[in-house]
Amino acid sequence: MQHLQGKVMVSARPRHKAERLRPPGTSRWLAGVVSVLMSTSVFGIVAPAAHAAPNTIITLTFDDANADQVAAAGILKTNGLKGTFFTPSGFLNAPNYMTTQQALALQADGNEIGGHTVTHPDLAQMGPDEVKRQICNDRVNLYNMGFHNVTSFAYPFASLTPAVETTVADCGYNSARGLGDLESKVPGSAGLGFAETLPPADPYSTKAPDEVDNTWTLTDLQNLVTKAEPGGGWVQVTFHHIGTGVDPGSGIADPLTVSTALFTQYVQFLAAEKAAGRIAVQTVQQTLGGATKPLVPGPAAPPAVTAGNLIKNASMETAGPVASGLPQCWAQGNYGSHTATFTTVTPGHGGTAGTHAEQLVMSAYVSGDAKLLPTLDLGECAPSATPGHTYDMKAWYTSTATTQFELYYRTGLGTWQYWTASPYFAASTAWSHATWTSPALPAGASAISMGLNLLGNGTLTTDDFELYDTSGIRHFTDVTPTTAFYNEISWLSNNLITQGWPDGTFRPLTSITREAMAAFLYRFSGSPAVPANARTFSDVPAGAPFYNEIRWLASAGITTGYPDGTFHPWEAVSREAMAAFLYRLRGKPAVPANAPTFPDVPVGAPFYNEIRWLAATGITTGYADGTYKPALAINRDAVAAFLYRYNIDFPKG
């Protein structure tokens, strides 16, 4: 097993040609750039004198601030050329990436430093506030490090939307580059044209060929120039790694690598073309010009969540902001050489047709791994974490191969690093529950992300993730791992739905009172605001235990109380009343015509339809003798089971 030990985790999609998010001509994918730039006036900025200038401009750009780009910059300098280095501020000073001082030295030599977000996420998958944090704060971070003229931007994975383009402009950038919009050796790019026009039709989505990888030859690279020269224009060529591209921690070579020898030959070719007057080699900034605009900080991150399930959209029921097949707050992560495909499938772990899970299919495996992770971001989705604490994680899965939890943590400005991995969990054709407790989180960490992975060919389906800070987990003295509904009661406690009794017990076999049921449902629903005009009951005065929770229950239509205006807070909840509460909590959905029936709940019985709905969802299975026992008081352990199953089918977030 190999991991990116000491390697910054690049969120989202694998960095190879198969990752292109949209067809050529509509959007591009991750890379650095070499651009062909015309000597002309763009945005009112006058380019070099036209009388001696060629009409084809090449821009060499480099993405991600990989450490091996420092040597590449030396090759440029030897040959009298400059490049644009798109630099995620969160990557600087991390293992295998440039230091701030190295990047400043590149700037001092006349190279351009551009923005590339803080943590390199797929921006099309994020909410507007997180997009602005990623783009604006990256520019602010770079300025604070000493880069005072950051005007050019590149989209990670060339993934963008009109709203993302607008944010790039609002954050003070003059331009932004995509990928995959010009003709190159990549299949499917024929006919796209050989160069971007100047000025670009859309300065916040400038066209460029696909990024260079280890399959490109010197001829392929030269063709980007020679085929553009007759018509002129701007060609941006994108590089990531120069050298071997081998990560020291994993021993795996990044496919987005060009050998030092090939890169040197290409740079020498460009220098010769430049000397012959056939091309100019310029940075993005030199080509497009434009004044340096004021800094615009991004919005503050949401308050840290440190209690309850830290995973947002843990059941993957909420789709992402674009139709990419990924749930909201989840992103792909992988490394190595393989093909990984992610799709949303139904039904999910709950088995109800409307529930979702996420399926990973890996093929053509050579090395590395793939997994779905909570988005590695600056606060919108990434779970908050505390150094020194340990974390309990759980997830349901089916798999044709072994799987394991793989963990990452965030430090500094937004550097995500590999942390550790759990033991393996066996392949399983039925839903299995993976559970593990992490070691103590390293110093300096501020967030955590984890997901189940595949390290070879196979299919993995995952759903219903949980992540808890163990310092906030409450254990009950009367609930042990052998207790019936142990997992369900633990879930109730971990998600702060129950507090148990002051003596440290849960009392699983005690019947639940109506006031406690109100508290459970209120907390399960996220402790919402109680309307000022919420109904009151004569036997629940202000200051009574669970006064607000009971008023909320009435305002939500979950209880109507008794005809005499009372609530009976200390009365035990019957199993038929429990069915009614959950049915109303769900909004009184239609009951399937083929919903199960019970012999002790005949047509016309109180809550007949509510009980049938409860059975149709799988929240109840009734008793072994086929009965439901509607009038029987429901115990606290059974309430935990009902709410746990309800959440699987109808997760609250």
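**Disulfides and the strands beside them**

Reply: About the S-S bond of Cys-329 and Cys-381 the torsion is about -65°, so this disulfide is left-handed. Cys-329 is placed in the loop between helix 7 (284-288) and strand 11 (330-335), and Cys-381 in the loop between strand 14 (369-374) and strand 15, so the pair ties together parts that are 52 residues apart in sequence. The model is predicted, with local features requiring pLDDT of at least 70 and side-chain atom pairs counting only at pLDDT 80 or more, whereas totals for chains, interfaces and linings use all residues. Residues are numbered from 1 along each chain as its sequence is written, and side-chain values use heavy atoms, with hydrogens and water left out.

A disulfide is here a pair of cysteine sulfur atoms within 2.5 Å; the sulfur atoms of Cys-329 and Cys-381 are 2.0 Å apart. Cys-329 and Cys-381 are both buried, a term for a relative accessible area under 20%, as against exposed at over 50% and partly exposed in between (1.4 Å probe, protein chains only). Helices (H or I, at least four residues) and strands (E, at least two) are DSSP runs, numbered from the N terminus.

By the sulfur criterion there are two disulfides. The other joins Cys-136 to Cys-171, with an S to S distance of 1.8 Å. This link is also left-handed, at -85° about the S-S bond. Distant parts of the chain are connected by the pair: Cys-136 belongs to helix 3 (residues 128-145), while Cys-171 is in the loop between helix 4 (162-170) and strand 6 (175-177), 35 residues away. Cys-136 is buried, at 1% relative accessible area, and Cys-171 likewise counts as buried at 1%. When the bonded cysteines of the protein are numbered in sequence order, the pairing reads 1-2, 3-4.

Strands pair when DSSP finds at least two bridges between them. Strand 15 (residues 391-399) and strand 20 run antiparallel to each other over eight bridges, and Lys-394 has Glu-466 of strand 20 as its bridge partner. Strand 13 (residues 357-363) also pairs with strand 20 in the antiparallel sense, over five bridges; there, Val-361 is partnered by Thr-459 of strand 20. Of the 12 residues of strand 20 (residues 458-469), 11 are buried, so this strand is largely enclosed by the rest of the structure.
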